[in-house]
Amino acid sequence: MASRLAGKHAAIIGATGSIGSSIAKAFAQQGAVLSLLGRTALDAQRTLGPQLTPYQPSAGDSSKAPTEHRFIKLDVTSSADLKRLFSSRKATDDAVGAVDILVNCAGITQTTILKRTHDEDVEKVMDTNLTSAILACKYAQMNDKGCILNVSSLMATRPAVGAAVYTAAKAGMIGLTSALSLELAPRSVRVNALLPGWVESPMWNSMYAFFSFPWSSEFKSSIPWFAAHLS
Ligand SMILES: NC(=O)c1ccc[n+]([C@@H]2O[C@H](COP(=O)([O-])OP(=O)(O)OC[C@H]3O[C@@H](n4cnc5c(N)ncnc54)[C@H](OP(=O)(O)O)[C@@H]3O)[C@@H](O)[C@H]2O)c1
């Protein structure tokens, strides 16, 4: 079977995480050349790099596309860095270049009820989970007939106690996706949101203890537990 993504350049923001690295492995297996971004991208180059199917450029590939998988350090809370990395169509050491596929998968969680969530944490959760994706979509040099995948969450539609900001950000990803799909339709760029349920990962581990408590059906009887854990 022909590789479905042969010759495609995919930029994966959050490629160093559990879901992002799985996406990266699948894309590389299907023939894509990858730009893998995250704060720990340089560490991931040693661990994830050897697990990626090497890219095989073919004669018809654009000269502007990278010729091998690249790991690029990026903190998505820096709008200046997003702009610097994504604003040019030519792939260089300091630029992602034009992309066929953009995946917005960076995310952090929240495990505090809103009243107890510090303002700085509200800002950090929104910046990491939503604003970064808005800016990446804004600055990314999408090729025509490309595709954007925004990783939202099932929690966007089925929220839980202790994740109001995370839920708002993930619901925002759905709004961003819907609106952008209209704006980019004339260029045949598809924009879709993924809403994963629970997937085991460092993020999942940090949330599990909190959310495994049966909040919804037994909320009233949980008040003593609630008080004990949040006071
Ligand atoms: N696990 C689940 O059950 C689940 C369910 C629904 C949706 N999701 C969503 O799926 C996505 C991936 O989550 P995961 O479960 O794979 O968690 P994970 O393994 O903890 O991965 C989180 C990713 O986000 C990146 N990231 C966090 N802050 C960043 C920052 N400031 N700048 C750049 N990258 C940053 C991390 O990269 P660095 O540490 O290298 O910066 C990492 O690649 C998230 O958007 C999450 O909300 C997860």
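This briefing covers the ligand surroundings, a pair of strands and one glycine. The model is predicted: local features need pLDDT of at least 70, side-chain atom pairs count only at pLDDT 80 or more, and totals for chains, interfaces and linings use all residues. Residue numbers start from 1 along each chain as its sequence is written.

**Around the ligand**
- The ligand has 27 residues around it, and Gly17, Gly38, Arg39, Gly107 and Ser201 come nearest (a residue is near if its C-beta atom, placed from the backbone, lies within 6 Å).
- Helices α1 (18–29) and α6 (202–211) each supply at least two residues of this shell; helices (H or I, at least four residues) and strands (E, at least two) are DSSP runs, numbered from the N terminus.

**Strands β5 and β6**
- Strand β5 (residues 142–151) pairs with β6 in the parallel sense over five bridges (pairing requires at least two DSSP bridges between two strands).
- Asn192 in β6 is the bridge partner of Leu149.
- A residue is buried if 20 or more other C-beta atoms lie within 10 Å of its own, exposed if 12 or fewer, and partly exposed in between, with C-beta atoms placed from the backbone.

**Gly146**
- Gly146 is found in strand β5, and counts as buried because it has 22 C-beta neighbours inside 10 Å.
- Leaving out residues up to four places away in sequence, Gly146 touches Val99, Asp100, Ile101 and Val189 (contact means C-beta atoms, placed from the backbone, within 7 Å).
- Gly146 and Arg187 lie 41 residues apart in sequence, with 8.4 Å between their C-alpha atoms.

Methods:
Contact = placed C-beta atoms within 7 Å.
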